[in-house]
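Please read the following note with the structure open beside it. It is written for a colleague who is new to protein models.

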Amino acid sequence: MTDRDAAHSAADVLYGSEAARSAEGYVQTPVAYDGIILAGFGGPEGQDDVIPFLRNVTRGRGIPDERLEEVAHHYRHFGGVSPINAQNRELKLALETALQARGIDLPVYWGNRNWAPYLAEVVTEAADAGDTTLLAFATSAYSSFSSCRQYREDLAGVIEETGLAGTVTIDKIRPFYDHPGFVDAFVQGVRASIEGFLEAGIAPADIEVLFSTHSIPTTDAERSGARDIDWGEGGAYAAQHEAVAAWTMAQVRDLIPAAADASWELVYQSRSGPPSQPWLEPDVCDVIAELPARGRRAVAVVPVGFMSDHMEVLWDLDTEAAEAASEAGLLFARTPTPGVSPAFVDGIVDLIEERLEGRPVAERQRVTTLTPSFDICRPGCCENVRAGFKPAVAGVAP
Ligand SMILES: CC1=C(CCC(=O)O)c2cc3nc(cc4[nH]c(cc5[nH]c(cc1n2)c(C)c5CCC(=O)O)c(CCC(=O)O)c4C)C(CCC(=O)O)=C3C
Ligand SMILES: [Fe+2]
């Protein structure tokens, strides 16, 4: 056992249901959940919320003040309001309706990691209502510290701080990047934007499709996903995005044969942290600037790393990337996020049903050939080298 394993073992207090403590990483027996936790990121809802929200997001992370100022400016531009809370309220409603339509009688509790309503409040509310065996859906599709483990640690922190350890258990739905309900919006969006470019007289070979996701520190990327799987450079995080992008392009090429001549690439956006720290590259705007020299005349930007149109999409793509494309003289399209599209909402219901039934892994829906995402993260999954290990739900100790 390495020092890192020992540190992890000591930290790994388990707060999942008994059935969820599976060493294989998959729960293939039914669990009678009492309710669903829709675990969101959270966002400010007015100018006064902006700085306190940013402090919550960056607590203990060493994000430079200049970066906070810059990000505050993005929110200020939209009245200090992030669209993310409204989107999660809408998703909660859509999910409740879809669950009912499928005959699943479960309440949906919505809470956030970084802003009100906080997860601690809603877990307490659930427990007060007698709903103690909970299944969380985190609004984040891929494996990495920020998109998976951070949610798991925050949910464990909530159980500890509310004094509900021993009363409440929280399991977590697998990273869902490869679920057909999630990728549908990207396939439809790429198809529509390529058709639009073709109608505008652009030759297929002059079209570039850029799949864009949140940049993360390369150290986080290397440690993303299960450690006993070789994901290649960029870890599970990069591998999962590459796989979704490749699958999306293959679908679109089946739908419009001319798209066979369009090129595509995975790019990154919204970098923060100190300049000395390496983050995943290339940056979406840098690549856009190079496209004319590569003979491209049109670019479709696909927010493949994002579930809804939050600030990263509205600012970094619809504002900055659109501007970069205009400066480069390129036609520009930004394709939709899954949002509350029926395909995505039905997909979430399917992910919930998977766990209620304890569906065998071989029967689960997924579009890539990567290892099926685990219900229970493996030891050391998605480690954050800066912060080390904290207790986390939905994991197993070594
Ligand atoms: C992988 C990933 C996702 C996708 C997965 C997920 O959904 O979780 C994501 C989502 C989001 N990130 C968001 C906002 C911010 N992220 C920040 C900072 C950071 N994000 C990171 C990664 C990710 N972030 C990282 C490695 C940092 C550096 C500091 C740290 O390690 O924490 C900062 C601080 C300032 C800055 O540096 O930009 C803010 C304000 C919002 C809300 C947007 C809205 O309001 O609409 C959302 C959905
Ligand atoms: Fe994980």
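This is a predicted model: local features need pLDDT of at least 70, side-chain atom pairs count only at pLDDT 80 or more; totals for chains, interfaces and linings use all residues.

1. Residues are numbered from 1 along each chain as its sequence is written, chains are lettered from A and ligands numbered from 1 in the order in which they are written, and side-chain values use heavy atoms, with hydrogens and water left out.

2. An open sheet of 4 strands has the order 6-5-7-8, with parallel pairing. Strand 6 (263–269) and strand 8 (331–334) stand at the edges with a single partner strand each, so one side of each has no neighbour in the sheet. From one strand to the next, the twist averages 25 degrees. Strands (E, at least two residues) and helices (H or I, at least four) are DSSP runs numbered from the N terminus, and two strands pair if DSSP finds at least two bridges between them.

3. Strand 7 (residues 298–302) runs parallel to strand 8 and is joined to it by 4 bridges. Val 301 has Arg 334, in strand 8, as its bridge partner. Helix 9 (residues 235–255) packs on the sheet, touching strand 5 (207–214) and strand 6; contact means heavy atoms within 4.5 Å. The direction of helix 9 makes about 145 degrees with that of strand 6, where axes are lines fitted to C-alpha atoms, for helices over the stretch in contact, and angles run from 0 to 180 degrees between N-to-C directions.

4. The largest pocket has a volume of about 450 Å³. A pocket is an open set of points on a 1 Å grid over the protein atoms alone, where a 1.4 Å probe fits, with protein on both sides within 12 Å along at least five of seven lines; lining residues have an atom within 4 Å of a point. A volume is the space filled by probe spheres set on the points, which are joined across faces, edges and corners.

5. Which element gives the largest share of the lining of the largest pocket? Helix 6 does, with 8 residues.

6. The second largest pocket has a volume of about 270 Å³. Of its 16 lining residues, the closest to its centre are Arg 67, Glu 70, Ser 270, Arg 271 and Ser 272. Helix 3 gives the most to this lining, with 4 residues. Domain 1 (3–176 + 341–363) and domain 2 (180–334) both give residues to the lining of the second largest pocket, so this pocket lies between them; the domain bounds come from an automatic or database domain assignment.
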